[in-house]
Amino acid sequence: MLSNLKKKAIIILMTYHIVTYGCQMNVHDSEKIAGVLKARGYSETDDPKNSDVVIFNTCCIRESAEARALGAIASFKGVKARRPDTVLIVVGCVPQKEDSFEKLQRDFKFVDIVLGTHNLTDFEKTFDEYSASKNRFTEIIPKALNLKENASYRTSGANAWVNIMYGCNNFCTYCIVPYVRGRERSRAPEEIIDEVTACVADGYREITLLGQNVNSYGVGLDVNINFAALLRKICEIPGDYRIKFMTSNPKDLTDGVIDCIAENRKLADYIHLPAQSGSTKILAAMNRRYTRESYLTLIGKIREKIPHCGLSSDFIAGFPGETDGDFQDTLSMVREVRFNNIYSFMFSRRRGTVAATLPDAIESAVKKQRVRELIALQREISSSIALECAGKSYRALIEREHGDMREGNPVALSDCGKMIFLEPTDEKYLHTFQNVFVTGNRSGRLVGRVGE
Ligand code: SF4
């Protein structure tokens, strides 16, 4: 009996720490890994150097992101030498790249398990086998295993991430995603409905549907369904929740999806629609397959059908061949659309992509200056939008400023994508929908209170 108790105490003390880089797909993959470990009695620790299992879930969208992840893993060599029983695991997009996988196998022999994105669904089996045998396991496979989901643990407050599809067929010339996440595969609609239903029953108030290109949902499935039809089916699930999705390639955003948002209160009036550039010439070089004009037409259509729709976007400054005139086109697009917010990035070469082979004549200083200009312009726009919001009320979900971190102040996330900072006393409304009154703004950040 005593020895059983001791065993139990040992199991309870086992800990894990996950370092997650990159996008929401990776955040959600880390949740699934955490669910597997929790089911085996591990608890989370924020002390990686004394943790029993340390996992690096990596991103390689930029070479700098890959270098950062590899540097962090390398820094664990000493920890592994001091605590050889620590299980060190590397997963995600970096190992899925063949050259990086070889590097991990060759130069990172202290790593115990390496899995790519395509066989991450095997994490549970691999972890159990390693725990029993202690045999190092490193494997990537060229094609994804059958989709299976095991999200038993979630970390994002009132929000639950739900994968609806994986991979991308678009091959934008700057992007490594199709090479490390594979071609598009959609989950069966009934599986998605079941998962969303379970999330709603568990009390999640926001469901964010994830995919690299959600608008092509359904392609290749045996059933005849597209993204708009999936959204309509999901909205039939009873309960007090709202649906968001990411990410949308503008070329694939259909009238059906726009109509669905316009007609359905359960869908947030908010679309993240990465434009990447305002120049048709640069969009063609990026292989985005839409033009400046068609993007602006799409925005016009959204604004006509969903007048209060919040819009955000991504822009890359300094793509090879971007002249000052092209960049002015980007600035004028940002001015014309008046996005709620934008994310601006300097173009950086990503080996393995087409854009990495293009002559990159643009100096780093110019790229930096262009990003600064984009940020400054967006600040101006955000400040003027903030002034227009004062005195208005928005329906919003009350969350914490930093996801589920306990010390975060309450914030209201409106259906149209606005973040309104609340008083600490509004904490009592956490994870409920409320009407929030905007009282003003502090340096462009909206402030308000719960109530009309
Ligand atoms: S749509 Fe383009 S940018 Fe987005 S994941 Fe696919 S290739 Fe990358």
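**Helices 10 and 11**

I looked up how helix 10 (residues 227–235) and helix 11 (residues 255–263) meet in this predicted model. Their axes come within 8 Å and cross at roughly 20°. Axes are lines fitted to C-alpha atoms, for helices over the stretch in contact, and angles run from 0 to 180 degrees between N-to-C directions. The two helices are therefore roughly parallel (angles under 35 degrees; over 145 is roughly antiparallel, 65 to 115 roughly perpendicular, the rest oblique). Helix 10 brings Phe227, Ala228, Leu231 and Arg232 to the contact, and helix 11 brings Gly256, Val257 and Cys260. Contact means C-beta atoms, placed from the backbone, within 7 Å. I sorted these residues by class: five are nonpolar, one is polar and one is charged. Here Ala, Val, Leu, Ile, Met, Phe, Trp, Tyr, Cys and Pro count as nonpolar, Asp, Glu, Lys and Arg as charged, and the others, Gly among them, as polar.

**Ground rules**

I number residues from 1 along each chain as its sequence is written. Local features need pLDDT of at least 70 and side-chain atom pairs count only at pLDDT 80 or more, while totals for chains, interfaces and linings use all residues.

Helices (H or I, at least four residues) and strands (E, at least two) are DSSP runs, numbered from the N terminus.

**The sheet 12-13-14**

I traced an open sheet of three strands in the order 12-13-14, with parallel pairing. Two strands pair if DSSP finds at least two bridges between them. Strand 12 (270–272) and strand 14 (341–346) are the edges, each pairing on one side only. The twist averages 10° from one strand to the next. Three bridges join strand 12 to strand 13 (residues 310–317). Ile271 has Leu311 of strand 13 as its bridge partner. Helix 15 (residues 364–389) lies across strands 13 and 14, at about 175° to strand 14.

**Ile342**

The cut-offs are 20 or more other C-beta atoms within 10 Å for buried, 12 or fewer for exposed, and partly exposed in between, with C-beta atoms placed from the backbone. Beyond four places in sequence, Ile342 contacts Ser312, Ser313, Asp314, Phe315, Val334, Leu374 and Gln378.

**The largest nonpolar core**

I found 112 residues in the largest nonpolar core. Such a core is a set of buried Ala, Val, Leu, Ile, Met, Phe, Trp, Tyr and Cys residues joined through C-beta atoms within 7 Å. Ile55, Val162, Ile164, Ile207 and Ile420 touch the most other members. Strand 4 (residues 87–92) gives the largest share, five residues.

Terms used. Contact = placed C-beta atoms within 7 Å.
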